[in-house]
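Good morning, and thank you for coming.

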Amino acid sequence: MKRREYAMPDNELHWMQMALHLARRGCGATSPNPIVGAVLVKGGKIIGRGWHRRAGLPHAEIEALNDAQKHRHSPRGATLYVTLEPCCTHGRTPPCTEAIIAAGIKRVVAGTTDPNPKHAGKGFKILRRVGIEVERWGERPREPRNKSKRGSSGASPHQKIADECARLNEAFNHWIVHRTPFVTVKAAMTLDGKIATASGESKWITGGKARTHGMKLRQGSDAILAGINTILADNPSLTVRVGTPNSGSAQADQEIGAPRPRRIILDSMARTPLNAKVASDESAGLTTVVVSKRAPKNRVAALAKRVKVIVAPTTKSKFKIQNSKLDLKWLLKKLGAETVTSLLVEGGGEVNASFLLGGLAQRVALFYAPKIFGGRDARKGVAGEGAKSLSEAVHLREIEWQRLGEDLLLTARVGTPNSCSARADREIGVPAQTRLDGVPPHH
């Protein structure tokens, strides 16, 4: 069957951008499902819209169809703009492909393909088989090669939105393939890379806008990790504070509930005080303290009455970092098995070094304030013994800078396919060719 060639009106960019905006309303609430938004368009007008609100609830496509029905619009002959390929498998909910076919949708435009290698492209094939026109952005051989309309990267506007759709679920995509959480290392520091003065003072290095953005990072994470030194020095709550601005509406927040990420504490000797916020507040049930076999049994027993305690194996590290005594690769595999798809590391210099120099982080979010502490004893954002040579340096790619008030935010992916991150994948046990068995659909 010959596929119809469609013109590329600017409206299409608008519809998909709206789908992206809707998708972000589910940030922090859909895990272990992906974040998805959908817009239903007929006659140049939106007749339905929706987003996936929580795992187990209807998917974005179904929400859009229900919205159209609620407003007495027929979806027959309409075009569906959706940020991710519609699912075609039975899980907690029926396949979206069945609902799309039954509704008489004429055309489906998707931002990206299902990352699950076992299901990728199957939803598209099912829809095409019954005569529905399907298009995935990023695959547009007919798109004019007008460099004047392209950004500095050379990507077309449609490709840029396709990239946004993929990045929207980079944590889910990583987890579905590797079965370990997508790790982001977050730190707020001075221009000379210090996270606290020699006396330990750190509140506040960055301004309000930067801290608000930091709350958004927490909101989008399944779990937040810190080391025992951070707990003893700052007694943080590691929660998403009420009233934090987010990508959704206030009504949406009420519908899906405030995000409550798990809290993971690296504490090999079980030194976490029983009156620490992470062990005594109303969210104590979401705290996991990771200890070693050498931890005093009485301390472990006391903590276990308040929080979850797991005993992790220990390992030797060539970097000889304090917290690397706990086997972080083992911990990541365990968290992945518990459907933790994204992990935000908010540790001190030693913990940050454990993940960065150990090749266990996929992204960094580094906030820089226009301040200089100086001092050989001031606390560094990344400590440990550091790289011994340039070849051991952690390389960043896909670098983006954002101004937040007086502060700057650097976000970047860590390493390249041949870097320490790839080596860490091999050590964790991720094969060069992704396994196709045992990988669940996104339901």
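Predicted model: local features only at pLDDT ≥ 70, side-chain atom pairs only at ≥ 80, totals over all residues.

Residues are numbered from 1 along each chain as its sequence is written, and side-chain values use heavy atoms, with hydrogens and water left out.

On confidence, pLDDT is the predictor's own score for each residue, from 0 to 100. The protein averages 84, and 81% of the residues score at least 70. Confidence is highest in strand β12 (residues 342-345), at a mean of 98, and lowest in helix α9 (residues 250-256), at 40. Helices here are DSSP runs of H or I with at least four residues, strands are runs of E with at least two, and both are numbered from the N terminus. Over residues 426-441, pLDDT stays under 50.

Let us turn to the sheet. Its 5 strands form an open sheet in the order β2-β1-β3-β4-β5, with mixed pairing; two strands pair if DSSP finds at least two bridges between them. At the edges are β2 (45-51) and β5 (133-136), each of which pairs on one side only. Strand β4 (residues 107-110) pairs with β5 in the parallel sense over 4 bridges, and Ala-110 stands opposite Arg-136 in β5.

Which helix lies across β4 and β5? That is α4 (residues 122-129), running at about 155° to β5. Such angles run from 0 to 180 degrees between N-to-C directions, with axes fitted as lines to C-alpha atoms, for helices over the stretch in contact. Contact means heavy atoms within 4.5 Å.

Helix α3 (residues 96-103) packs with α4 at an angle of about 20°, their axes 10 Å apart. That makes α3 roughly parallel to α4, a term for angles under 35 degrees. The contact is made by Thr-97, Ile-100 and Ile-101 of α3 with Gly-123, Ile-126 and Leu-127 of α4.

Finally, the backbone. Most residues other than glycine have a negative phi, and most peptide bonds are trans. The bond from Ser-31 to Pro-32 is cis, with omega near 10°, and Pro-32 is found in the loop between α1 (10-23) and β1 (37-42). Another cis bond joins Lys-203 and Trp-204, with omega about -10°. Arg-179, although not a glycine, has a positive phi of about 65°.

Methods
Parallel < 35°, antiparallel > 145°, perpendicular 65-115°, else oblique.
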